[in-house]
Amino acid sequence: MSNNLHVAIAGAGIVGVSCALWLQRKGFKVSLIDENEPGSGATSGCACTLATYGCIPVNDPEILGQLSRLLLDSDGPLRIDPWHVFTHLPWIVSFLRNCKKSKVDYTTRHLARLLGETSEGLMPIVKQAGAEWLLSNTGFLDLYETQSEFEHSLPKQEYRAEHGARFQELNTQEIQELEPAVKQTFERGLLYGDIMQVKHPQKLVEKLFDHFMASGGQHIREMAQGLIYTEDGMKIFMRSRRYLRANRFVVCAGAHSGKIEGCDIERIPLGTERGYHIQFSGYEHLIERPICWNRYAFYAVPMQLGLRMAGTVEISGLDKPKTPERVEYMKDKASRMFGLSEQPDSDWLGFRPTLPDALPIIGPSNAPNTYYAFGHQHLGLTLGGITGKLISEIVAGEKPSMDIRPYSADRFK
């Protein structure tokens, strides 16, 4: 295939910018379409960790026995909005079906395969952009309050180990020696020593974007609304009714991807996991590395902007306002974990694009010359690079460097 083609990409988060850089490396002319600043969406508010251990999906067989509690309880790591259940019943049913053990095993296996290629996808473009200084290799700490909680988690940890994750078991004293500022008592912990952290996710995307622009890229500061196909390619229409001509189109708009008409996306069951964080400026010195309070899926992360508390999953809509109870949930955990009694400087709500089986879609659409790269749920920062590499290979007509069939849109036929 000739690489003198024009590829347009909807979305300038970590996935879209990664696709743009990898496509440029193949020689394509590339335009990024996004009305917002690069990396300012879900990427900006994440837990900043390259979670190569994160092959266990939110889908869990235990959810099937806890559904009533998840609909009513506000003090848990996963909340399902009851109204959202009624208005999006097919998606919820599909999500629950994918909580069966056989389905979870399938998702885990194929997430692990993608995660194993994290470095191959991300590091070439990070080095190309001169952004290595935004990464640190401090490891990641996963903490358990009791021995019984720890033992209950062991099958999942062993599954992670089978798929390449490496960790060291810790006791209470060893945890305290590593992170003396942690006030909550934890009997057991796991130290994933080779996990990397991004010190400022939005700044990382900005550095990648700057290199994209310096290499001849184009930024259309609009929102892609739809496309029509013409004899010589396609016209991508913006919300302003302006249009861009291109030969190929890649949908990387995250949770907003479903709003783009004309690319056969309406049949894709794209849902939203709403994520929250709170942030305390000047407290990044309290800890050395990202820490997870496993019971609550609560992350504390030192970063350039301060100490960020992130995590939790809320299955609800794009159009719903922030849920105050979710913010209070995080404030409570910050107080218990570090004794922080003051109010955070800021809080944030973002939208993670999620498919019912927790696998992303990477590959061709059934629409002509159109490709999908969305649905990465919690793993967009981690998987953005390898997604970009795979998309560049597919658009160039090459054999992908790994089997992409498990991530095909055709699984939702």
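Colleague: Over the ring of which residue does the charged end of Lys235 sit?

Modeller: This is a predicted model, and the answer is read from its coordinates. The charged end of Lys235 is placed 4.6 Å from the centre of a ring. A charge counts as over a ring when the atom is within 6 Å of the ring centre and within 35 degrees of the ring normal.

Colleague: How far from the ring centre of Tyr329 is the charged end of Lys333?

Modeller: Here too a lysine sits over a tyrosine ring, with Lys333 placed over Tyr329. The distance from the charged end of Lys333 to the ring centre is 4.0 Å.

Colleague: Let us turn to helix 1. What is the reach of helix 1 from its first C-alpha to its last?

Modeller: Helix 1 covers residues 14-25, which gives 12 residues. At 1.5 Å a residue, 16 Å would be expected. The reach in the model is close to that value, at 17 Å.

Colleague: Why is helix 1 described as largely enclosed by the rest of the structure, and how many of its residues are buried?

Modeller: The buried residues of helix 1 include Ile14, Trp22 and Gln24. Their cover includes strand 1 (6-10), strand 2 (29-33), helix 6 (118-128), helix 9 (201-214), strand 20 (370-374) and helix 11 (380-395). Helix 1 is largely enclosed because the buried residues number 11 of the 12.

Colleague: Which residue with a positive phi follows helix 1?

Modeller: The phi in question is near 100°. The residue that follows helix 1 with this value is Gly27.

Colleague: Is Gly217 buried or exposed?

Modeller: Gly217 belongs to the loop between helix 9 and strand 9 (218-220). Leaving out residues up to four places away in sequence, Gly217 touches Gln24, Val30 and Phe212. Its relative accessible area is 12%, and the limit for burial is under 20%. Gly217 is therefore buried.

Colleague: What is the arrangement of the aromatic pair formed by Tyr144 and Phe150?

Modeller: The ring centres of Tyr144 and Phe150 are 5.5 Å apart, with 80° between the planes. Tyr144 counts as buried at 1% relative accessibility, and Phe150 counts as buried at 2%. An angle over 60 degrees is the criterion that applies. The arrangement of Tyr144 and Phe150 is edge-to-face.

Colleague: How many disulfides does a search of the whole structure find?

Modeller: Two cysteine sulfur atoms must lie within 2.5 Å to count as a disulfide. For Cys19, the nearest cysteine sulfur is that of Cys252, at 3.8 Å. For Cys55, the nearest cysteine sulfur is that of Cys292, at 14 Å. The search of the whole structure finds zero.

Colleague: What is the phi of Asn369?

Modeller: Most residues other than glycine have a negative phi. Asn369 is not a glycine, yet its phi is positive. Asn369 is placed in the loop between strand 19 (361-364) and strand 20, and it is partly exposed, with a relative accessible area of 33%. The phi of Asn369 is about 55°.

Colleague: With the side chain of which residue does the side chain of His376 make a polar contact?

Modeller: His376 is found in the loop between strand 20 and helix 11, and it is buried, with a relative accessible area of 3%. Beyond its neighbours within four places in sequence, His376 is in contact with residues including Val15, Pro353 and Leu383. The polar contact has a distance of 2.8 Å, and the partner is Thr387.

Methods. Residues are numbered from 1 along each chain as its sequence is written. This is a predicted model: local features need pLDDT of at least 70, side-chain atom pairs count only at pLDDT 80 or more; totals for chains, interfaces and linings use all residues. Side-chain values use heavy atoms; hydrogens and water are left out. Helices (H or I, at least four residues) and strands (E, at least two) are DSSP runs, numbered from the N terminus. The expected span of a helix is 1.5 Å times one less than its number of residues. Buried means under 20% relative accessible area, exposed over 50%, partly exposed in between (1.4 Å probe, protein chains only). Contact means heavy atoms within 4.5 Å. Rings of Phe, Tyr and Trp (its six-membered ring) pair if their centres lie within 6.5 Å; planes under 30 degrees apart count as stacked, over 60 as edge-to-face and the rest as tilted. A polar contact is a pair of N or O atoms within 3.5 Å; within protein, one must be able to donate a hydrogen and the other to accept it, and residues adjacent in sequence count only if both atoms are side-chain atoms.
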